[in-house]
Amino acid sequence: MMLSIKNLKAEVEGKEILKGLDLQVGAGEVHAIMGPNGSGKSTLAHILAGRDGYAVTAGEVLFNGESLIELAPEERASRGIFLAFQYPVELPGVNNTHFLKEALNAQRKARGEPELDSVAFLKLIREKLAMVSMQPELLKRPVNAGFSGGEKKRNEILQMALLEPKLAILDETDSGLDIDALKTVSDGVNALRSPDRSVILVTHYQRLLDYIQPDFVHVLAGGKIVRSGDKGLAKELEAKGYGWLSGQDEAA
Amino acid sequence: MNSDTQTQHDLQGILHLGQKRMATGMPDTDWQSVTRQRGTAGVAAMARPDRKQEAWRYTPLGFLDQAEYQPIVEGPFDALQLSDIEDLMLAEPPAIRLVFVNGYLASGLCSMAKATSGVVLSSLAGGLGEVPAALRQQLDAIAEHNHVFAALNSALMSDGALIHLAAGARLDGPIEILHVSVGLEQPGICHPRHLIVLEDGARAEVIERYCGLGDGTYFTNALIEVSLGSDSELLHQRMQEESVHAQHLSDLQVRLGARSRYQLTLAALGGAWSRNDVRVTFGGEGATAQLDGLMLAGDRQFNDVHLVVRHEVPNCTSRETFKGILDGSGRVVFDGHIVVSRDAQKTDAVLSNRNLMLARSAEVDTKPQLEIYADDVKCSHGTTVGELDPDMLFYLRSRGIPEHQAKQLLCQGFAQEVFDGMANPALRARAGKLLAARLLESA
């Protein structure tokens, strides 16, 4: 199992958000995690990436057999975990190309691989740019600064394409995207699908799943996975709404 | 004897010792005697600043009691070869480069492109031939002795670049003025004095750098006069990269003619103690001044900028953006003062000071002031003091960039807005590298 989460409980500022979450993600699988606002979807994504401010009070998170909880965000990244942010952060004054190169080389260095020189890097980034239909001009600008919503999301997918993670977590990547951008972003994700790479799609809407076909769909409500199924579950949710599950949530 | 008399004696001691050593005579510099006399009188009349004076309230001067500075009044210091200062050179050295070592021109290290029509490059001590009358007359025409150090500079001025562009003259590439200080057995104090005069419609780019070779203790006390004629333009890029034990004081005084454009980019990165006084006076309508600066105060560094912009005539624009980065026990002082006189209607001025604190133990004292006597103006100021944004740090770390490297990237990004104002790419690159290196040393 690539990712194994058992009975995960976590709180923010003393408030319990995750209340015993279980999730198993195998290599090559695409899992969609759906759920109403405030159910803990983004918290889960951030905890997996190692963000400060969350206290894990119980349970375990194993990534390829290794516990993630004690690892720094950069250590998780170099082991192959990637989070595409719902709200990508603007970094004024930090050149996008420079940032991408620093990120790739930092990961390579951490894994004991040789760093890429500027020429090799530019060649590589040009290939990846084409994959996500991103304007080359955006490489010369500060990271995300003044980017449109769609450009920011493309920049996330560009980073994912460049860093080639083993587990990509996409946090509401579809939010705020028009249909063209959604399609480009989805194409980028689909291009990366492979037997040894897994994806967790965190989303509120079923729409993204028309473009990226999940192997499994989970519903997160009240800090737990309350139901799991195949992509049919997403359709059912679309038809009936999350209210349909709330009764079961109480019962579970 | 109270302490004031004692310390006054110290600066006067420097003056007397310097004058005694100088007395052996440089006959071709008699034209400077009026300036020197004015300086001497100023030193005698002015006390060493103390905390009772607003402009020095936050500037510690205790270091003056720690070392007995020996005035360096003899040049040239010709022991250095180009290979010795390789690390201090820009990656693409400008075709015109005037190198001063311990305050005096080092001819062997200079590079002089072929003469451009209307451009005169000279040196105060005569190392580039006799100083033309046009420059002699302009020396000391602008300088005010706002403090005793400026007076001391006038009295003991060592050497410096004298640059004159005739009306309409244009220089394509930059002129670089490079100071190299070599630590001596006893800490030295030198008094570089530069003069840049652009007549009407002239245009030039000047790079002015102060470097230390090794990590000696010394005191650079510089004064720079800049005079811009109507419709002229000067890109003035200054970088203070002194040794970590050095004291550096620069007093830059600028007078702007009608419709002239002055762009100053200052990177004050080095030194244990650094103070930059910048005084810009608008003397003709329609002129523009863009003044940007980056102050680094790493652990045990003190970095001070005092800015006075005087809008004395109507329809002038000024933009002032100064940023501080502080770490460890570093201290930044920023005093930005914009004065808009009664006649200066339609003045447009925006003053900003932003500070990035990397450690709680650092300290910043910032005081932006607008003093406005006209009634139809557009003026504003803003100040921020903040820490690194945790969201930005997490974003970088989530991409695999280790924490210390992420902090560095963000600091460089913060400084980049200022460095981007440097027209010279090699200088811009050097500023970025130097900042990274100093941040690393400080961490």
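## The end of helix α8 in chain A

In this predicted model, helix α8 of chain A is followed by A:G241, whose phi is positive, near 80°. Helices here are DSSP runs (H or I, at least four residues), strands are E runs of at least two, and both are numbered from the N terminus. At the other end, where α8(A) starts, a side-chain oxygen of A:D230 comes to within 2.9 Å of the backbone nitrogen of A:G232.

Which residues of α8(A) are buried? They are A:L233, A:A234 and A:L237, in a helix that covers residues 231-240. Buried means under 20% relative accessible area, exposed over 50%, and partly exposed in between (1.4 Å probe, protein chains only). Viewed down the helix axis, the buried residues fall within an arc of 105°, so they line one face of α8(A); the arc is taken from the directions from the helix axis to the C-beta atoms. A:E238 and A:A239 are exposed residues on the face turned away from that buried side. As a reminder, an α-helix has 3.6 residues a turn, so residues three or four places apart point the same way.

## A tie from α8 to a loop

A:D210 sits in the loop between β8 (198-203) and β9 (216-221) of chain A, so the pair ties together parts that are 25 residues apart in sequence. A:D210 is partly exposed, at 40% relative accessibility. The term salt bridge stands for a side-chain nitrogen of Lys or Arg within 4 Å of a carboxyl oxygen of Asp or Glu.

## Where chains A and B meet

Now to the interface. Here, 31 residues of chain A are in contact with 18 residues of chain B, contact being heavy atoms within 4.5 Å. The two chains bury about 1900 Å² between them, with 65% of it on carbon and sulfur atoms. Buried area is the accessible area (1.4 Å probe) that two parts lose on being put together, summed over both.

How many salt bridges cross the interface of chain A and chain B? The rule finds three. B:R397 pairs with A:E74 in a salt bridge, their closest N and O atoms lying 2.7 Å apart. On the side of chain A that touches chain B, α3(A) gives the most, with six residues. That side has 19 nonpolar, seven polar and five charged residues. Nonpolar covers Ala, Val, Leu, Ile, Met, Phe, Trp, Tyr, Cys and Pro; charged covers Asp, Glu, Lys and Arg; the others, Gly among them, count as polar.

## Salt bridges within chain B

B:R397 also forms a salt bridge with B:E403, the closest N and O atoms being 4.0 Å apart. B:R397 is buried at 12% relative accessible area, whereas B:E403 is partly exposed at 33%.

Another salt bridge joins the side chains of B:E54 and B:K367 (2.4 Å, N to O). This pair links distant parts of the chain, 313 residues apart: B:E54 is in the loop between α2 (33-45) and α3 (63-66) of chain B, and B:K367 is in strand β20 (residues 363-372). B:E54 is partly exposed, with a relative accessible area of 39%, and B:K367 is partly exposed too, at 23%.

## Reading notes

Residues are numbered from 1 along each chain as its sequence is written, and chains are lettered from A and ligands numbered from 1 in the order in which they are written. Because this is a predicted model, local features need pLDDT of at least 70, side-chain atom pairs count only at pLDDT 80 or more, and totals for chains, interfaces and linings use all residues, while side-chain values use heavy atoms, leaving out hydrogens and water.

Notes:
Polar contact = N/O pair within 3.5 Å; in protein donor to acceptor, adjacent residues only side chain to side chain.
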